[in-house]
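Try each task before reading its solution.

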Amino acid sequence: MLELLKNTLLYVVFTLQHNALWLSIGILVASGIRVYVDPEKLRSLLLKSSKVSIPSTVAFGAFTPFCACGTMAIVVSMLTTVLPWGAIMAFLTSSPLMSPDFFIMLSGIVSTQFATALLLSSIGIGIGSGVITHLIETNTPWLHNQSRFNSGKPSTADDTAFCCVSSSINEVSSCCANGSVSVSMSNGDPYKLKTLFTAIVDIGVKQVLLYFAVFAAIGYWINQFVPTDLILTLFGSNNPFAVPLAALLGIPLYVSGSSSMPILNSLMTGGASGGVLLAFMITGPGTSLGAITGILTIMKKKAVLLYVAYIFVGAVIAGYLYNFVKMVIG
C-alpha cells in the first residue's frame, strides 16, 4: 500500500512537471480574463437588443471563460429579459464546453486538433440546440412557463442562493463551482496586480492544480489496475457503442476541463479512440453536478430535460463524426 502511494505521488509530480508550461499559460489566461475583462460589459454587449441571434450567443458562450456558476449568472440575466429560449439554450449548451484558457491547455497537453474539434463541437451543439429550441418554442407549448422567475426575481430561494458574477466600483465578487473569490480593486492598485495574484492563487492552486493532481492519481490507478485489453474492448474503435458509453462515463467523473486531462491521457494510452475522448469532454462539463444544480435553480424540469438531451446527443454525434473524419483523412 505504501509503495502504491509513493508511486502515485511520484507520478502526480511527474505529470505536473511535464505539463507545467501549458497549465501555467492556461492559468494566466484565465486569471487575466477574470481580472481585466468585465463580465457585465460583455453581458451588456450581448443584451443591447432583444433580438440577439443564436450565433451571437453561441460565440459569446464558447469564447468566454465562464465556469458552471458563471454561466448560470449570465443565464439568470437572460431569463429576466425578453430573450427567446432559442438564444438562451444556445448559450447554455456552448458556454461550459470551451473557454480560451482551456483551449490553450488542451492544445498543449493533448493536441491542437483535438482542442479544435471540441471548440467546433461546442459551436455546433450551441447552434443546433438553439435552432431546435426556437422551433419547439414557436410551434409547441413545451417551454411555456419553464423559467423559475417571476417579474425578474427567483421564485424560490433568495438571491444569495445563486452563483453570481457581480461588479462594483471597489470590489468584484465571483462565485464558482469550486469556491468563491472576493478581491479588492482599489485605486491604489491601478494595474490590479494584487487582484491578478489573488486570481492566480484561486484559479491555479485551489482549482486547476488541486484537481489536476487528484485526477492524475486516478489516471495512474487506471493504468495500474484496469487492463489495457478492457479499455480497448470498451472504448476502442471496434466497439460501436464506445462513444455513448464514454458520454455516460463523463457524467460522474468530470470535475473540470484541466483536471480531467490525466484521465484522457490514460484512456489514450489504453487505446481509446478520439471520438470517445471527445464525447467524454462534452458531457462532463455540461452535465456535471455543479452545472445541473445551477440549471435546476433557474429552469423547470422540461427545459432541463431538453438541455441534458442536447448535451448527450450532441456528444454522441460529435464523437462518431470525429472518428469518421479521422478515418477518412487517416
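The exercises below concern a predicted model, and each is followed by a worked solution.

**Exercise 1. A pocket and its lining**

Task: Find which residues lie nearest the centre of the second largest pocket, and work out which helix gives the largest share of its lining.

Solution: 
- Start with the space itself: the second largest pocket holds about 470 Å³.
- Next, look at the residues around it. The lining has 22 residues, and those nearest the centre are Ser 121, Gly 314, Ile 317, Ala 318 and Leu 321.
- Now sort the lining by element. Helices H8 and H15 (301–329) each supply at least two residues, and H15 gives the largest share, with 11 residues.
- Finally, sort the lining by class: 14 residues are nonpolar, seven are polar and one is charged.

**Exercise 2. Two helices that cross**

Task: Decide how the axes of H6 and H15 are placed relative to each other, using their crossing angle.

Solution: 
- Pick out H6, residues 85–94, and follow its axis to that of H15. The two axes come within 11 Å and cross at roughly 50°.
- Angles from 35 to 65 degrees fall between roughly parallel and roughly perpendicular, so H6 is oblique to H15.
- For the handedness, H6 passes H15 in a right-handed crossing.

**Exercise 3. Positive phi without glycine**

Task: Locate Asn 145 and Lys 192 in the model, and state the phi of Asn 145 and of Lys 192.

Solution: 
- Begin with Asn 145, in the loop between helix H8 (112–139) and strand S1 (149–150). Its phi is positive, about 60°, although Asn 145 is not a glycine.
- Move on to Lys 192, in the loop between strand S5 (179–184) and helix H9 (193–225). Lys 192 is another non-glycine residue with a positive phi, near 60°.
- Lys 192 has a relative accessibility of 25%.

Terms used:
Residues are numbered from 1 along each chain as its sequence is written. This is a predicted model: local features need pLDDT of at least 70, side-chain atom pairs count only at pLDDT 80 or more; totals for chains, interfaces and linings use all residues. Side-chain values use heavy atoms; hydrogens and water are left out. Helices (H or I, at least four residues) and strands (E, at least two) are DSSP runs, numbered from the N terminus. Buried means under 20% relative accessible area, exposed over 50%, partly exposed in between (1.4 Å probe, protein chains only). On a 1 Å grid over the protein atoms alone, a cavity is a set of points where a 1.4 Å probe fits but cannot get out, and a pocket is an open set with protein on both sides within 12 Å along at least five of seven lines; lining residues have an atom within 4 Å of a point. Grid points are joined across faces, edges and corners, and a volume is the space filled by probe spheres set on the points. Ala, Val, Leu, Ile, Met, Phe, Trp, Tyr, Cys and Pro count as nonpolar, Asp, Glu, Lys and Arg as charged, and the others, Gly among them, as polar. Axes are lines fitted to C-alpha atoms, for helices over the stretch in contact, and angles run from 0 to 180 degrees between N-to-C directions. Angles under 35 degrees count as roughly parallel, over 145 as roughly antiparallel, 65 to 115 as roughly perpendicular and the rest as oblique. A crossing is left-handed if the near helix is turned anticlockwise from the far one by less than a right angle, and right-handed if clockwise.
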